[in-house]
Amino acid sequence: MRIFVGIDTGINGACVALNEHACLVGCRDLPHYKEIPCYRKEKPRSVLDINKLKVWLDSLGDIHRIAVEESPSFNQGVVSAATSGFNNGMLHATCINLVGKEKFQTVAPKMWQNYLFDEATQDTGWSKEKSIAFAKREHGDLILFEKPKRTADGFADASHIAMWCLEQYKHEVLTQNYST
């Protein structure tokens with residue numbers, strides 16, 4: 001069975017895996033560990049634990065596509081922006097190494113939001129609460145969309161990113177079938 005993974009990046013980010021029927025088959029928070037960078041001895045930074053993430057991704061089986069939300073470093077300080085860039089670079093390299101460049105995508109938040117929920121958000125915009133509500137409607141009242149509140153949005157967004165990834169695949173298959 002083909003697996004489609006969506007990843008919402010950041011310290012409270014998450015990963016969600018859907019099968020080709022849009023059923024949730026796996027999820028986990030983005031694993032991090034604390035590290036003292038050489039340039040800032042008094043305060044640790046949060047580094048993405050690529051080894052733990054790779055173990056989880058490997059456990060999923062046939063990953064057909066991975067989509068990662070782009071995370072621009074707006075309103076971040078120099079250290080936060082550098083750490084975010086470092087973590088995203090490691091994440092992208094790990095995903096590309098696992099599935100290949102042709103099966104890896106990045107997606108801007110507005111792109112997946114507009115693609116999946118354009119009509120539902122035209123008047124009022126997007127919010128964490130809407131993301132969680134849409135995820136519950138699609139996948140049920142799962143605890144991962146409830147608690148802890150700080151990560152519920154990450155799991156909800158990751159589920160939508162995985163759905164966007166699946167929908168992109170379906171669109172490509174239809175386009176290929178139509179052109180042949």
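In which kind of crossing, left-handed or right-handed, does α1 pass α2? In this predicted model, α1 passes α2 in a right-handed crossing. Two packed helices are described by the angle between their axes and by the distance between those axes. For helix α1 (residues 50-59) and helix α2 (residues 78-99), the axes cross at roughly 30° and come within 11 Å. Angles under 35 degrees count as roughly parallel, and α1 is therefore roughly parallel to α2.

The residues that form this contact can be listed for each helix. On the side of α1 they are Ile50, Leu53, Lys54, Leu57 and Asp58, and these meet Met90, Leu91, Thr94 and Leu98 of α2. Sorted by class, the contact of α1 with α2 holds six nonpolar residues, one polar residue and two charged residues.

Helix α3 contributes Phe117, Ala120 and Thr121 to the contact, while helix α4 contributes Lys130, Phe134 and Arg137. In the contact of α3 with α4, three residues are nonpolar, one is polar and two are charged.

The cysteines were examined next. Zero disulfides are found in a search of the whole structure. For Cys27, the closest cysteine sulfur belongs to Cys15 and lies 9.3 Å from the sulfur of Cys27. A disulfide requires two cysteine sulfur atoms within 2.5 Å, so the separation of Cys27 and Cys15 is too far for a bond. Cys165 is likewise in no disulfide. The nearest cysteine sulfur to Cys165 is that of Cys95, at 10 Å.

Accessibility was also computed for Cys27 and Cys165. Cys27 has a relative accessible area of 29% and is partly exposed. Cys165 has 0% relative accessibility and therefore counts as buried, since the cut-off for a buried residue is under 20% relative accessible area.

Pro148 is placed in the loop between α4 and α5 (149-179). With 40% relative accessibility, Pro148 counts as partly exposed. Pro148 and Val5 are 143 residues apart along the chain, and 22 Å separates their C-alpha atoms.

Note on methods: Residues are numbered from 1 along each chain as its sequence is written. This is a predicted model: local features need pLDDT of at least 70, side-chain atom pairs count only at pLDDT 80 or more; totals for chains, interfaces and linings use all residues. Side-chain values use heavy atoms; hydrogens and water are left out. Contact means heavy atoms within 4.5 Å. Helices (H or I, at least four residues) and strands (E, at least two) are DSSP runs, numbered from the N terminus. Ala, Val, Leu, Ile, Met, Phe, Trp, Tyr, Cys and Pro count as nonpolar, Asp, Glu, Lys and Arg as charged, and the others, Gly among them, as polar. Axes are lines fitted to C-alpha atoms, for helices over the stretch in contact, and angles run from 0 to 180 degrees between N-to-C directions. Angles under 35 degrees count as roughly parallel, over 145 as roughly antiparallel, 65 to 115 as roughly perpendicular and the rest as oblique. A crossing is left-handed if the near helix is turned anticlockwise from the far one by less than a right angle, and right-handed if clockwise. Buried means under 20% relative accessible area, exposed over 50%, partly exposed in between (1.4 Å probe, protein chains only).
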